[in-house]
Every structure is written in structure tokens, then in C-alpha cells.
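Reader: I'm new to this one and would like to be walked through it. Can we take it a question at a time?

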Protein chains: 2
Amino acid sequence: MALVVIGGVAAGLSAAARARRVSPHLEIVVLEKGPAISYGACGLPYFVEGRVREASDLIVYTPEYFRKQRNIDVRTGARVVAISHPRREVTLETGARVRYEHLVMATGARCDTRGLGSLPPHVFTLHTLDDATRLRAFLREKQPRNGVVVGAGYIGLEAADALRRNGLRVTVLERSGQLLLRDDEWWTGLVRKQLADYGVELRCGVDVRSLDFPADVVVLAAGFKPNVELAAEAGVEIGRSGAIRTDDRMETNLRGVFAAGDCAEVGHIVTGRPTWIPLGTTANKTGRVAGANAAGGRERFAGIVGTSIVGIFGAGFATTGLTASQARAEGFSPVAVQIEAKSKPGYFGGSKTSVELVADRATRKLLGGSVVGEDGAAGRINVIATALAAGLRVDQFEQLDLAYSPPFSTVWDPLLIAAQQLMKEV
Amino acid sequence: MALVVIGGVAAGLSAAARARRVSPHLEIVVLEKGPAISYGACGLPYFVEGRVREASDLIVYTPEYFRKQRNIDVRTGARVVAISHPRREVTLETGARVRYEHLVMATGARCDTRGLGSLPPHVFTLHTLDDATRLRAFLREKQPRNGVVVGAGYIGLEAADALRRNGLRVTVLERSGQLLLRDDEWWTGLVRKQLADYGVELRCGVDVRSLDFPADVVVLAAGFKPNVELAAEAGVEIGRSGAIRTDDRMETNLRGVFAAGDCAEVGHIVTGRPTWIPLGTTANKTGRVAGANAAGGRERFAGIVGTSIVGIFGAGFATTGLTASQARAEGFSPVAVQIEAKSKPGYFGGSKTSVELVADRATRKLLGGSVVGEDGAAGRINVIATALAAGLRVDQFEQLDLAYSPPFSTVWDPLLIAAQQLMKEV
């Protein structure tokens, strides 16, 4: 009786690979609906841009590799259309059936384009390697001059960056006031300025209900939703976020059925509650845990703090934990400070770094933070993320022993300057 | 009755400035033996190199600024030769006396060159702005072709880098087998390779007892010791490290006498014991705490984890916490792993990153780590430093929610790859 994994990208293959390590002789089958597996989905915008030259550069492993080196049966073009848990059986589009003892759902997420009908040839989404390959070919062959991106989330702004670097005039249409998933003024101000500095036009409050606007090429990157239909029809419980509910072993309400990656909820360490924040890092981690447990291991996923970073025209926009308004909605009494400081001395090319820290007034515990800047944003957000995972208070954070030497930072790191400021407020 | 601070660089001025905030009307006197105050001592090698153009670029504040803006009486050329604590009085070289109610010792550290007699004009140390100014002038005027650096610690290798970039043939002489304060093979191998790649000759096991070797210019950067003579003569207790013993308020055994910066011991969070690791970051932090308490406040210094980074020909050599051999000497049962991974995808210029993690087998707690690489070393060492300050275990570290996007890192950050490896060993 096999372990069956539905989905062959980050979470699915992490699950399969980890299951193999835990259980050397288990039969493992991976069913991937698309033609390719194991590609770096986060690299797709850079393939569209042209920085990644070949689609194959994004592919880490082939089905042959998994078959020969790991004894994992990876099948592409294998679209699952139904799951019968009472019979422990999945049905493929072809009518073929595959029996399982344990099942890992790693069905990912997508932009919901259903309201827009079938998409004309100049309109693209950017979920799969196939999407990116077609968009890249379109840019090369049709030489579009005007591009419209629908949605100002991560993928939308990465796509806007990629199109702009290909010389297009680019307009981003966003229905809400949210930019990179946040609507607070400090953050959106920084995003707006970066887009304006690089000549991208941004229009908020535009609800795109049809595609009858002028554009040579359109990228749809709005309405990102977890792919849960298959699971829901099989009786898998869906959480309030709309993603598959899991426990800390990544098991769903159906015993023996696990979920991981962009289709699944995970626990949020700061709030203690289930959340849906689809990211590649979490997909790989939860895939590993699901795979280990589905193969008979016993591993826990500690949860996330919601750390993300996106590069927009050379600046990192990084965030972790809760924003002040998210914290308030969760019942905390948040205090937030924002500072600006140099990332390192000017003679080492230091540039402006913007830092926000959020703490709880009642407990002084850090709740979240953000870092925006051209260098060091990733390292600095990771320090905040580590502090959140460890439950540090601001007074502890303020005295962190961070590395300093002129080529790398300032003697008072921007993080510590922000913490000193926050200490005056809590 | 005044607060008197001996020393006007990092720790001393942090203490004075913080004391002023805590106590707006306190009389504060800073006595600095040299001609300049408030300079970035860590920037001196870059002034020697020529990257920092003017000595004045390293000066943050002038005595006038402190006098006018902060109402702090900063006196340069004021060398203290004796302290009489029973009389609450310090005596200057000039014979003048200054009375104090509270005293902050921020006397720094120096390379001990006493065994070498008086130094000829081509031989330099690199502690003060004056040292660096004279060395820079010597390089410009005498155009030396061969340089010798004595000592392979931080300042020694930064000096070697600076001389080499000025076109000199450079030889580093080191008495011990230690490079950047460590003698383990993994670390010294990385340092050796970097020096060799950039054409610096390294000779270990050379005990320099005289200066009668051929060299156009010599930088002495060995035998770094805290300046504690003044304190010791006044009855201030010196710790086992040779630096001034302090409690967590940075107070010495003499009530009302505080110490901060490179002359003082601080608590090490990982070992729980006093240690002497002279660094600019710690100088600023302990100065703040000493100044606050000397002015009547009540602040604690949580201690350090021993985080440092040094740039050698473009690569960061960063370390925090304990090495395996230090951990063993402290009674832990250390397990260490070393890995190599890409800092980010090749299409974003990712380069080799070397990571070491050390954990305690008994408790699984992280004890230390190191990161060497051309990008991201500072951010990554800071994550380990934060984990050490928080007392995280390897299994917690392994699931840290670190930021990922192709311009910034790989989906499994090198830190997490190292942690996965370490999980197999603990």
C-alpha cells in the first residue's frame, strides 16, 4: 500500500523525498498534473525577466532522477479528479485509479481567474513553469510595449518589475489599497515610492471584472486562493482561511491524509492560531513534516511567523510577524515605531534602511517587524523572525549582540536603533 | 559633584551621552588623553586603505558639539595618571585634579609593544586616529613596497588587506596558530585560503621579539590587552581575563566606579561567565549601561554572545558563541557540523557560503556558529547570535521561518541546511 502525493513541486517533492528517508522501502507515488516537476516556482518572474535564461535552469530534479535515485514513482500529466478516502483511492482524469494507505495533498494555490472567462492569448497567469515559458516567448516574439499587471501582491509586483526591465510601460491595477498584502501608510508609502522611482504606474481601487482594457500583455496576479476543491469534495476539513486545516503533524481531519504547502493552513507562532500564508519556504518545511509523518515518522511543525521578502527594483521589502493592525485584530495592544538609518557606512556603499518594529504594550513582547532597503533586508528580517520564534521582548532585543564591522553594518545596527526607539514607547 | 568619564571614544562617550539623558543637570566631564574624540575606531583600517578619504570622515562628534548640544565637558589631551577613590579624585598628567562622585573607566585596550622598545618611524600600531593618520601619511609619502603585519587577529588582517590594496607585498607574522582568534582547522583553512587567494603571505609560529627584519613598513597588531593599570592601581578588581571585573550594572568592586568598553569584562550569555571580548558594539552598549547607572538610573547589561565579523578581501568572516573546543573547555559536550552552500541562486550572483554550527549533545542547545562568505555573512551570523541570546535548541533553529526570494537567498537557507545536518548528530 503506497504513499500517494498529489502535487510535484515544492511541498509534494519535499514530502516524497523525506518519506523515502524515513521509510526506505515504502512505495511512493507522486502525481503531478503538469508536464514538469521540481521547479523553483519563486524563480518564475526572473525567467520572465530573462535573468534566468532557460526554463530548464529552474528545474532542480527530473522524474527520472526521482525514479532512479530515490525509487519514487513520479508521474507527470497525472491530474487527480477525485479522492475516495473510504476506498483509499484517487482517480485520475484518465480514469485510472491509484490506491493509497497515506495521502499527502500538495495541490498548491492559484489566482482565481474564473470570473474572467477563458483568457485571450495576451493574458497570462504566473503559477507554473508552463505559464512562465509562454509569457517569456510572448515577450520575445510579440515585443509588447504596454503591460498591465492585475494585483499588487508579491507575484504582481515581481511581474511588474520583470516587464519593466524588458522595456515595457507597466501599469499595476489593484482592487484594494493593499500593496504587498498590507494597507498601512508607512509600508504602502515605501512601495509606492519604489514603483514611482522606476516608472511603474500604480492604480488602486480598480476592480478588474473584464479584460476589455487596452494592453499588449496582461499578467493576472490577483485573487490568490488555495487549491482545496479536491480535498473538500473528499471530506477534508477546510479552515477559516479557506485552506486545508491541519494539525502540527500536518495531518488533516481524515486520518492518514496530510496536507502541505500552499494549499494548507499552518500554526502562527505569534498568534497561536491557524493561518494561511502561502510561501515556498513553508511549503518545503511542511512538506518534509507531512512526508515524515505519512511514512510512519513522528515530527512536529513548530509553525511560522510569516516571514517574507520580495525584491522590487533592487530593494528588499521584508516583513515578519504581525503588523500593528493585525496585532490589534488579534487582541494585542500594539505599539509600533518606524525608523530610517544607514545600512552601513557611506564609504562602503551603505544605503537607506527603513525598519518597523511592533511590540505588545502589555508584555513588551515583539509581535512583528519590517525591513525595507537595498542591502541587508533579508538578514535583518531574519533576526526579527528568530526573535519572534523565540518570544523575545523588546528589552532583550535591544541588547542583541549583532555583528559589526564597517563593510557590513553600522555599530548600532538599524534594528537596534529601532528597538531603542520602541523601548521609549512600551 | 561630577560624573567623570575616563576615555572619549566609543564606551566613554556612550556613557556620557546616556548619563545626560538620565540626568539632565548632572555635571559630566570626559577626559580623553588623545587629541580627538568620538571617532569610529573600527574604521581606521579603511582610512589607512584610502577608502575613507579624510580622518575627519571618521569623527562623529566634536568636543564643541558635546559642550554646546549636550552640556558635557569634554577635554582632549587630558591624560589621567592616578585615581584616588577614597578622595573621589583623578589626577591628570598636568597635575590638575578633577573630583568625581561617580567614575566611568573607559580606557580601552592596546597592543602591548613594550617588549619592542621605542618604535622606529616605519613601525606603527593601529589603535587611535592619530596612529592611522600617521600610517596613511607614511604610505603616501614613502611609497613602501614591502609590508609586515605582526599578528593575525582582526586588526592585523584588516591592516594586511589595507596594505595589499595599496599595492604592497604583505607578510603576516603570527606567533600562534590562531587566525582571527581561532585555531581550528576548518576556520583557519578558510582564512588561509582567502589570504593566499589575494597574495598575502602568512607565516605562523613566528615570535617577533625584535624589529630587525627587513620591511618598508610594519604594523604591530599582536598582544591586544585591556588598559587596566590605572584602575588596578586604584584598587579596582581585575578579572581572570585581565580586564576590569564588572557586575551586570557595569559597576566595579569600588562603589560608584563603573567600567565599560574594551577595558572591561562582561557576562557571556552562553557560558554564564565573565569574559573579555573587546568589540565596538559591546563598548557602545556597556557604555550606555554604565552611563545610565552612574547617573542614578538602574539598567542591566544582559551580556554578550561574542558576535564578530571581519571583512578580508571582500569576504565576511563571522563568528558567534563558542567554538567546539571552547565549548568543551566550558564543560559542554559539543557537536559541530560544517556545510557549504550557495548564498543565493547563481543567476543572482550567489556565492559559496560556509556555515558551522555547534550544539550541546546533552541539551541540544545551540552553543555557537560561524559563517564565511562574500554575501549575507552578517545577516546569517546575526540569526545565530539571536538564537544564542534566546537559548534556542537545534530542533527549534531548524524550523526558523527565514525569508526567501531568489534575489536574497535559497529556499533552504544555508543556516537551515546546517541545522538539518546538525540534527542528525545531536
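This is a predicted model: local features need pLDDT of at least 70, side-chain atom pairs count only at pLDDT 80 or more; totals for chains, interfaces and linings use all residues.

Reader: Leaving aside its neighbours within four places in sequence, which residues is His85(A) in contact with?
Author: Start with the place: His85(A) sits in the loop between strand E4 (80-84) and strand E5 (89-92) of chain A. Once neighbours within four places in sequence are set aside, the contacts of His85(A) are Tyr100(A), Leu254(A), Arg255(A) and Val257(A).

Reader: And is His85(A) buried or exposed?
Author: A polar atom of the His85(A) side chain lies 3.2 Å from the backbone oxygen of Arg255(A). As for accessibility, a residue counts as buried under 20% relative accessible area. His85(A) has 10%, so the word for His85(A) is buried.

Reader: There's another histidine I noticed, His268(A). How far is its C-alpha from that of Val305(A)?
Author: His268(A) is in the loop between strand E16 (266-267) and strand E17 (274-275) of chain A, and its contacts beyond four places in sequence include Ile304(A), Val305(A) and Gly306(A). His268(A) and Val305(A) are 37 residues apart in sequence. In space, their C-alpha atoms are separated by 5.6 Å.

Reader: Which backbone nitrogen does the side chain of His268(A) reach?
Author: His268(A) has a relative accessibility of 5%, so it counts as buried. Its side chain comes to 3.1 Å from a backbone nitrogen, and that nitrogen belongs to Val270(A).

Reader: What about Asp57(A): what is its relative accessible area?
Author: Look in the loop between helix H2 (44-49) and helix H3 (63-70) of chain A for Asp57(A). Its C-alpha is 9.5 Å from that of Gly43(A), which is 14 residues away along the chain. Asp57(A) is partly exposed, and its relative accessible area is 47%.

Reader: Now the charged pairs. How far apart are the closest N and O atoms of Arg165(A) and Asp161(A)?
Author: Both residues lie in helix H5 (residues 154-165) of chain A, 4 residues apart, about one turn of the helix. Arg165(A) is partly exposed at 41%, whereas Asp161(A) is buried at 6%. They form a salt bridge, with the closest N and O atoms at 2.5 Å.

Reader: How many residues apart in sequence are the parts tied together by Lys352(A) and Glu340(A)?
Author: These two form a salt bridge, with their closest N and O atoms 3.6 Å apart. Lys352(A) is in strand E21 (residues 352-360) and Glu340(A) in strand E20 (residues 334-342), so the pair ties together parts of chain A whose separation in sequence is 12 residues.

Reader: Which residue forms a salt bridge with Glu93(A)?
Author: Glu93(A) is exposed, with a relative accessible area of 55%. Its partner sits in the loop between strand E3 (73-75) and E4 of chain A, 14 residues apart from Glu93(A). The closest N and O atoms are 3.6 Å apart, and the partner is Arg79(A).

Reader: Let's turn to the two chains. What kind of axis relates chain A and chain B?
Author: Chain A can be laid on chain B with an RMSD of 0.0 Å by a turn of 180° and a shift of 0.0 Å along the axis. That is the relation of a two-fold axis.

Reader: Which residue of chain A comes closest to that axis?
Author: The distance here is taken at the C-alpha, and it comes to 1.8 Å. The residue is Gly379(A).

Reader: Which element gives the largest share of the side of chain A that touches chain B?
Author: The contact takes 58 residues from chain A and 58 residues from chain B, and about 4,600 Å² is buried between the chains. Helix H8 (280-294) and helix H10 (377-390) are among the elements of chain A that each supply at least two residues. The largest share, 10 residues, comes from H10(A).

Reader: Last one: which residue of chain A forms a salt bridge with Arg288(B)?
Author: There are 2 salt bridges between chain A and chain B. In the one with Arg288(B), the closest N and O atoms are 3.3 Å apart, and the partner is Glu398(A).

Terms used
Residues are numbered from 1 along each chain as its sequence is written. Chains are lettered from A and ligands numbered from 1 in the order in which they are written. Side-chain values use heavy atoms; hydrogens and water are left out. Copies are superposed by least squares on the C-alpha atoms of residues with pLDDT of at least 70 in both. Contact means heavy atoms within 4.5 Å. Buried area is the accessible area (1.4 Å probe) that two parts lose on being put together, summed over both. A salt bridge is a side-chain nitrogen of Lys or Arg within 4 Å of a carboxyl oxygen of Asp or Glu. Buried means under 20% relative accessible area, exposed over 50%, partly exposed in between (1.4 Å probe, protein chains only). A polar contact is a pair of N or O atoms within 3.5 Å; within protein, one must be able to donate a hydrogen and the other to accept it, and residues adjacent in sequence count only if both atoms are side-chain atoms.
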